[in-house]
Amino acid sequence: MKVIDSKIPAGPVPEKWKEYKAHQRLVNPKNKLKLDVIVVGTGLAGASAAASLGEMGFNVINLCIQDSPRRAHSIAAQGGINAAKCYQNDGDSVYRLFYDTVKGGDYRAREANVYRLAEVSNNIIDQCVAQGVPFAREYGGMLANRSFGGAQVSRTFYAKGQTGQQLLLGAYSSLSCQVQAGKVKLYTRYEMEDVVIVDGRARGIIAKDLTTGKLVRFSANAVVIATGGYGNTYFLSTNAMGCNCSAAVQCYRKGAYFANPSYVQIHPTCIPVHGDKQSKLTLMSESLRNDGRIWVPKKIEDAKALQQGTKQGWEIPEEDRDYYLERRYPAFGNLVPRDVASRAAKERCDKGFGVNNTGLAVFLDFSESINRLGIDVIMQRYGNLFEMYEEITDLFPGDVANEINGVKYYKPMMIYPAIHYTMGGIWVDYELQTSIPGLFAIGECNFSDHGANRLGASALMQGLADGYFVLPYTIQNYLADQAVWPKVSTDLPEFAEAEKAVDAEQDRLLNIKGKRSVDSIHKELGHIMWEYVGMGRTAEGLKTGLKKMHELEKEFDTNLFVPGTKEGLNIELDKAIHLRDFFTMGQLVAFDALSRNESCGGHFREEYQTEEGEAKRDDENYFYVGCWEYKGKGNEPELIKEPLEYEAIKVQTRNYKN
Ligand SMILES: Cc1cc2nc3c(=O)[nH]c(=O)nc-3n(C[C@H](O)[C@H](O)[C@H](O)COP(=O)(O)OP(=O)(O)OC[C@H]3O[C@@H](n4cnc5c(N)ncnc54)[C@H](O)[C@@H]3O)c2cc1C
């Protein structure tokens, strides 16, 4: 079994980062060398990295698949971004944010990375305020905070329910400055199709102009991918429809290790699936758990009546409601981490207490907080989320529906867990470099900081930490050597071969000329993933899932129908390429889940649970990052382990009860 090292400098955690930063000063941040960097992606990670690298004097080529960087999936982020500012004076600190994140990740994150993340969290807020991001403020002018899961302090900064959008507008304005200054060249509606390796180093990419279908070669001294997560492997998820993992999978096929793919986050507060024709699920922000209480009926006959539609939630009095999170986890209540809340909802629904016609929903109820704070305060906090919920379900959670014994009951939302975020990703070392020299991965597409479960409001923190404060410095350690290398020509045979392979693959997909659409096969893959590689996994189920995925992949290879040609815009062809890569990804998730005979965070193996149904880790055998090396289509990838080393935090069983 191969074992890898994450190249973390020696020393206790805080010291490490100090030494590390001192080392950075050796590199002139305003260097004027003609070094080119390709940044693929303009989400929060990509836009912030491209803007920062441009500002530092590098020549940046920045690509995205949308028609504007502002349309990256990051705009969907609603609830907020964490930072250890301690504005509430509630005992928060860098150490506490570090500790909560490591614990929230079920002790499967790399400790030193998380410390660095917590340390730069405060700089992110300052940076964004300076850009004019309109964070919510208290009456006195101080930035406001709210709480997210897995924390007992208020450290989440927010801009109503549109935090991601506002942060992205900030990053976009910095990016635009660099475009104007000529340091960033932006290519919208360009998709990276492959990474080009020359003499063992990433030296460029093959991209496709999505509007003309033309393949284009880009060369550079380093390549950074910031292309988001792989949640859409499951077909139905809270991710934007365009989210795909093709760039990451191409890097994996070219030799980049893929780490911890089985760590997939299932978010507890999404609008339940309501039919077979659905292609997207909607998240109701975790911020709602600050004031909303989650419950199901105590009596099975009430649940049955709700399922049959003969009773409504607001007709069930207080004493017959089971606030099961508050009951099971008194210390954190409704603010337990997402993996814990999702499993608890599934447990109640599996026992027959679900509250909608499919039996797969629980209530999120604002009656208590509206009675306590008044509807105006609640609307100020969550108005746009209430409106969004009404638009989709035709039910407004702020409407009073009933009064029992003088207590007003409001219409509760219905929610159920759904695929949301992927903690796994391209393996990176401490400098965010992948196992291919010169190839870096940042934001959701790397695996770096969240272990087996991400805490709410920490993805934006990580993406912006990577983009503004980590990568622009660490990449210089690599680029410092590159100054003596001439820029490689795109006429090299490596570029020609890569381009030819992309072209041939498009021809292959177009020439199958079968009978099934991309979406119909993707939907079937999603069903397999959810059923066998979803919230509760077993060895037997995972093996069945893998077998079914192989069969369906054969169907894809022989019976797919892609209309049109490769010239010009062909969205079906682009989707077919994404689906090809979702197959690779789905199998990788299953392989990793099968190899990890324990439950931790978002990876729940039903064979490994306590009597109370909590995840049972096995630190003796699985205290490592599981990295996978590609071994060719149809072959099992090879597992390589990066052992985890904890120096500052004691590894223990997670406890959210007291
Ligand atoms: C509904 C929802 C709400 C969320 N709310 C929060 C929240 O409140 N707080 C929080 O911390 N996190 C939240 N998250 C998670 C967070 O939004 C994401 O993890 C984060 O925005 C990812 O940023 P990114 O820059 O890594 O990737 P993305 O924003 O996904 O951007 C990917 C970029 O890569 C580009 N791209 C992809 N493939 C290619 C390719 N092959 N070639 C060229 N370009 C490519 C895309 O065009 C895009 O520009 C939420 C997620 C969802 C789904």
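Predicted model: local features only at pLDDT ≥ 70, side-chain atom pairs only at ≥ 80, totals over all residues.
Altogether, 38 residues surround the ligand, and the closest of them are Q66, S74, G79, M192 and E444.

An N or O atom in the side chain of S74 is 2.5 Å from an oxygen atom of the ligand. The backbone takes part as well: a backbone N or O atom of A226 lies 3.3 Å from a ligand oxygen, and for S458 the corresponding backbone distance is 3.4 Å. Taken alone, the ligand would expose 1000 Å², of which the protein buries 97%.

We may turn next to the nonpolar interior. In soluble globular proteins, nonpolar side chains tend to be buried together. Here the largest nonpolar core holds 178 residues, and the members touching the most others are L63, I81 and I225. Helix α16 (residues 571-595) gives the most to this core, supplying twelve residues. A second, separate core is made of eight residues, including V196, V488, F495 and A498.

Not counting residues up to four places away in sequence, I225 touches V40, M192, A248, C251, I426, L439, F440, A441, I442 and C445. One of these contacts, M192, is also among the residues closest to the ligand.

Two loop residues complete the picture. R516 sits in the loop between α13 (493-512) and α14 (518-532). The side chain of R516 forms a polar contact of 2.8 Å with the side chain of E524. Neighbours within four places in sequence aside, R516 is in contact with I521, E524, L552, E555, N559, L560 and F561.

K214, for its part, is found in the loop between β7 (201-209) and β8 (215-219). Why does K214 count as exposed? The relative accessible area of K214 is 55%, and exposed means over 50%. Leaving aside neighbours within four places in sequence, K214 is in contact with A207, K208 and D209. K214 and D503 are 289 residues apart in sequence, with their C-alpha atoms 9.7 Å apart in space.

Definitions and conventions:
Residues numbered from 1 in each chain as written. Heavy atoms only, no water. Core = buried A, V, L, I, M, F, W, Y, C linked by side-chain atoms within 4.5 Å. Buried < 20%, exposed > 50% of the residue type's maximum accessible area, 1.4 Å probe, protein only. Helix = DSSP H or I, 4+ residues; strand = E, 2+ residues; numbered from the N terminus. Contact = heavy atoms within 4.5 Å. Near = heavy atom within 4 Å. Polar contact = N/O pair within 3.5 Å; in protein donor to acceptor, adjacent residues only side chain to side chain. Areas by Shrake-Rupley, 256 points an atom, 1.4 Å probe, with all protein chains shown as cover.
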